[in-house]
Amino acid sequence: SSDLRSYIDQFVQSKEHWIMTRLAQVQGALATRQDFRLRSGDILLFCGAEFRVQLTEQRRGSLDLEQHTITLPDAPVTELAPMVERLYRRGGIQWVEQRLRFWAGQMGVTFGTVNLSSAVRRWASCSANGNIHVSWLLLFAPLDAIDYVLVHELCHRVEFNHSPAFWRLVAQYKPDYSAQKAVLQQLHQRLYAQGWSKK
């Protein structure tokens, strides 16, 4: 067992640089997450549209759907995220339902209830009975990427799997779906780095 121990020690030593580098990267990312702040004039996407950020001394936030502005306290994003989630969920649910109705009409499918969830690991899901759950974080995505996710879920109303037939159906309505997947992957990383999401 002493041979095994020295082997393990050597292995750990050989990986030490990698471990330290990775640790530094993670700590660096966490530090920026704590500090990331919005500035007045910054743009946030909401339901595929650009909203201009206005900072306020007040502890309240608001979303102006007419003026396309979002007013938020001057605080790190890690503190603002729960407030923005409430604003996005309240302001976005009807819009998401309308987009789903539009695509369902194009595709000739139906769906059940719709809700905006706090899911972090997946953008959306569709249950066997057609209820669709969409993460509020998807509302930060560009319109084409949101549409891809909604089409993806509605395709599950025809193919309840990820078979080649499923992807052919997705491609019929969103031919650029692989580009949209890449956009969403980058968005996921940015939302985490800025402190909007915890994963």
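Q: How many disulfides are there?
A: The count is zero disulfides, a disulfide being a pair of cysteine sulfur atoms within 2.5 Å. This is a predicted model: local features need pLDDT of at least 70, side-chain atom pairs count only at pLDDT 80 or more, and totals for chains, interfaces and linings use all residues. Residues are numbered from 1 along each chain as its sequence is written, and side-chain values use heavy atoms, with hydrogens and water left out.

Q: Is C155 buried or exposed?
A: C155 is buried, at 0% relative accessibility. Buried means under 20% relative accessible area, exposed means over 50%, and partly exposed is in between (1.4 Å probe, protein chains only). C126 is buried as well, with 11%.

Q: Switching to rings. How many aromatic pairs?
A: The count is 10 aromatic pairs. Rings of Phe, Tyr and Trp (its six-membered ring) pair if their centres lie within 6.5 Å; planes under 30 degrees apart are stacked, over 60 edge-to-face, the rest tilted.

Q: Give me one. What is the geometry of Y88 and W136?
A: Edge-to-face, with 6.0 Å centre to centre and 90° between the planes.

Q: Where do the two sit in the chain?
A: Y88 is in helix α2 (residues 77–107). W136 is in the loop between β7 (132–135) and α3 (143–155). They are 48 residues apart, so the pair links distant parts of the chain. Helices (H or I, at least four residues) and strands (E, at least two) are DSSP runs, numbered from the N terminus. Both Y88 and W136 are buried.

Q: What about F102 and W103?
A: Their ring centres are 5.1 Å apart and the planes are at 75°, so this pair is edge-to-face. F102 is partly exposed at 37% relative accessibility, whereas W103 is buried at 10%.

Q: Which residues form the aromatic cluster?
A: F46, F51, Y88, W136, F140 and W196 form one cluster.

Q: On to helices. How do α2 and α3 pack?
A: At an angle of about 60°, with their axes 10 Å apart. Axes are lines fitted to C-alpha atoms, for helices over the stretch in contact, and angles run from 0 to 180 degrees between N-to-C directions. The two helices are therefore oblique to each other. Under 35 degrees counts as roughly parallel, over 145 as roughly antiparallel, 65 to 115 as roughly perpendicular and the rest as oblique.

Q: Which residues make that contact?
A: From α2, they include W95, R99 and W103. From α3, they include L143, D147 and C155. Contact means heavy atoms within 4.5 Å.

Q: And α3 with α4, what angle?
A: The axes cross at roughly 140° and come within 9 Å, α4 being residues 164–173. That makes α3 oblique to α4. Among the contact residues are Y148 and C155 of α3, plus F166 and W167 of α4.

Q: Last topic, backbone. What is the phi of C47?
A: Positive, about 55°, although C47 is not a glycine. C47 is in the loop between β1 (43–46) and β2 (49–56). C47 is buried, at 9% relative accessible area.

Q: And where is H68?
A: In the loop between β3 (62–64) and β4 (69–73). H68 has a positive phi too, about 60°. H68 is partly exposed, at 33% relative accessibility.
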